[in-house]
Amino acid sequence: QVQLVESGGGLVQAGGSLRLSCAASGSIFGVNAMGWYRQAAGKQRELVARITRGPSTDYADSVKGRFTISKDNAENTVYLQMSSLKPDDTAVYYCYAEIMNQRAYSYGYWGQGTQVTVSS
């Protein structure tokens, strides 16, 4: 079994910064990709940023130039540095990971979510 534990959410004023962390633990034989999604009230969950094994990165257009995703392979941890935050960034942020088991099958796992609130 795999667990994802997120931290770093909170309340910040517009223009401020936050750093989210997500650590994966458990039966991990490889990590194909990790990323962050978010879901605002009344809206669908959307991809924020993703980083692959390569590594290569993908960002939602709305966060390009403001958010940076990075990872620590040794710790199976992914980070999301968020800067120039806007009220529209307010959402629950979920960590996601594609993790291989000992048979090289990949499964997707979700964290419990962490609230980010940006005040105007």
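1. Leaving aside residues up to four places away in sequence, arginine 38 touches Gln44, Arg45, Glu46, Val48, Ser62, Val63, Phe67, Asp88, Asp89, Ala91, Val92 and Tyr93. Contact here means heavy atoms within 4.5 Å. Please keep in mind that this is a predicted model, in which local features need pLDDT of at least 70 and side-chain atom pairs count only at pLDDT 80 or more, while totals for chains, interfaces and linings use all residues. Numbering starts from 1 along each chain as its sequence is written, and side-chain values use heavy atoms, with hydrogens and water left out.

2. Where does arginine 38 lie? Its place is strand β4; helices (H or I, at least four residues) and strands (E, at least two) are DSSP runs, numbered from the N terminus. Arginine 38 counts as buried because its relative accessible area is 7%. The classes are buried under 20%, exposed over 50% and partly exposed in between, computed with a 1.4 Å probe on protein chains only.

3. Which side chains make polar contacts with that of arginine 38? One is glutamate 46, at 2.7 Å, and another is tyrosine 93, at 2.9 Å. A polar contact is a pair of N or O atoms within 3.5 Å; within protein, one must be able to donate a hydrogen and the other to accept it, and residues adjacent in sequence count only if both atoms are side-chain atoms.

4. The whole structure has five salt bridges, each a side-chain nitrogen of Lys or Arg within 4 Å of a carboxyl oxygen of Asp or Glu. Arginine 38 pairs with glutamate 46, their closest N and O atoms 2.7 Å apart; glutamate 46 is partly exposed, at 35% relative accessibility. Arginine 38 also meets aspartate 89 in a salt bridge of 2.9 Å, N to O. Because arginine 38 is in strand β4 and aspartate 89 in the loop between β8 and β9, this pair ties together parts that are 51 residues apart in sequence. Aspartate 89 is buried, with a relative accessible area of 1%.

5. Another salt bridge joins glutamate 98 and arginine 50, with the closest N and O atoms 3.3 Å apart. Glutamate 98 sits in strand β9 and arginine 50 in strand β5, so the pair links parts 48 residues apart in sequence. Both are partly exposed: glutamate 98 has a relative accessible area of 21% and arginine 50 one of 24%. Elsewhere, salt bridges that share partners join Arg38, Glu46, Arg66 and Asp89 into one network.

6. Now for the core. A nonpolar core is a set of buried Ala, Val, Leu, Ile, Met, Phe, Trp, Tyr and Cys residues joined through side-chain atoms within 4.5 Å. The largest one has 30 residues, of which Trp36, Leu80, Met82 and Tyr93 touch the most other members. Strands that each supply at least two residues of this core include β1 (2–7), β4 (30–39) and β8 (77–82). The strand that gives the most is β9, with five residues. Among the contacts of leucine 80 are Leu18, Trp36, Phe67 and Tyr93.

7. How many disulfides does the structure hold? There is one, formed by cysteine 22 and cysteine 95 with sulfur atoms 2.1 Å apart; the cut-off for such a sulfur pair is within 2.5 Å. The torsion about its S-S bond is about -80 degrees, so this disulfide is left-handed. Cysteine 22 lies in strand β3 and cysteine 95 in strand β9, so parts 73 residues apart in sequence are tied together. Both cysteines are buried.
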